[in-house]
Amino acid sequence: MPSSHSQLIWFFVVYFFLFLYLRMHQTNNARCVDLLWRHILSIILLGIALSVSYSRPISEYFLVRDTSLIPNILWFEYTVTRSEARNRQRKLGTKLQ
């Protein structure tokens, strides 16, 4: 899962893209300078969002802390599923006899 910082910045960037290109869509009377600043602003926002997303795993704050429990969760799910299957087989075996 992406960090909350990455989610927030990508929400902001997508919202701003939609605002710039859909709400401020005036191509019939737009000047070249107006179109240029929209594209430049979009590229800057995209760069900021990519840098925030890239900086989160580099800082190893989320990478080490969040992924260190995955093997434990997988083992727990495996053992619970196995014990439930055994219990189900036991119940079915006693009902058939």
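Accessible areas come from the Shrake-Rupley method with a 1.4 Å probe, and for residues only the protein chains shown count as cover.

I noted that this is a predicted model, in which local features need pLDDT of at least 70 and side-chain atom pairs count only at pLDDT 80 or more, while totals for chains, interfaces and linings use all residues. Residues are numbered from 1 along each chain as its sequence is written, and side-chain values use heavy atoms, with hydrogens and water left out.

I then looked up the overall build. The protein chain has 4 helices and 0 strands; these are DSSP runs numbered from the N terminus (helices H or I, at least four residues; strands E, at least two). The chain exposes about 8400 Å², of which carbon and sulfur atoms supply 68%. Of its 97 residues, 11% are buried (under 20% relative accessible area; exposed is over 50%, partly exposed in between, with a 1.4 Å probe and protein chains only).

I consulted the UniProt record next. Its unreviewed entry places the feature "transmembrane region" at residues 6-23 and 35-54; positions follow the numbering used here, feature names are shortened, and annotations may be inferred rather than shown by experiment. Residues 6-23 are 100% helix, with end C-alpha atoms 24 Å apart. Residues 35-54 are also 100% helix, and their end C-alpha atoms are 29 Å apart.

I returned to helix α1 (residues 4-23), where L18 is found. L18 counts as partly exposed because its relative accessibility is 46%. W10 is found in helix α1 too, and W10 is partly exposed at 29%. Which residues does W10 contact, leaving aside its neighbours within four places in sequence? I listed L46, A49, L50 and S53, where contact means heavy atoms within 4.5 Å. W10 and I48 are 38 residues apart in sequence, yet 9.4 Å apart in space, C-alpha to C-alpha.

T81 is partly exposed, since its relative accessible area is 48%. The side chain of T81 reaches the backbone oxygen of E77 at 2.7 Å.

Technical notes:
A polar contact is a pair of N or O atoms within 3.5 Å; within protein, one must be able to donate a hydrogen and the other to accept it, and residues adjacent in sequence count only if both atoms are side-chain atoms.
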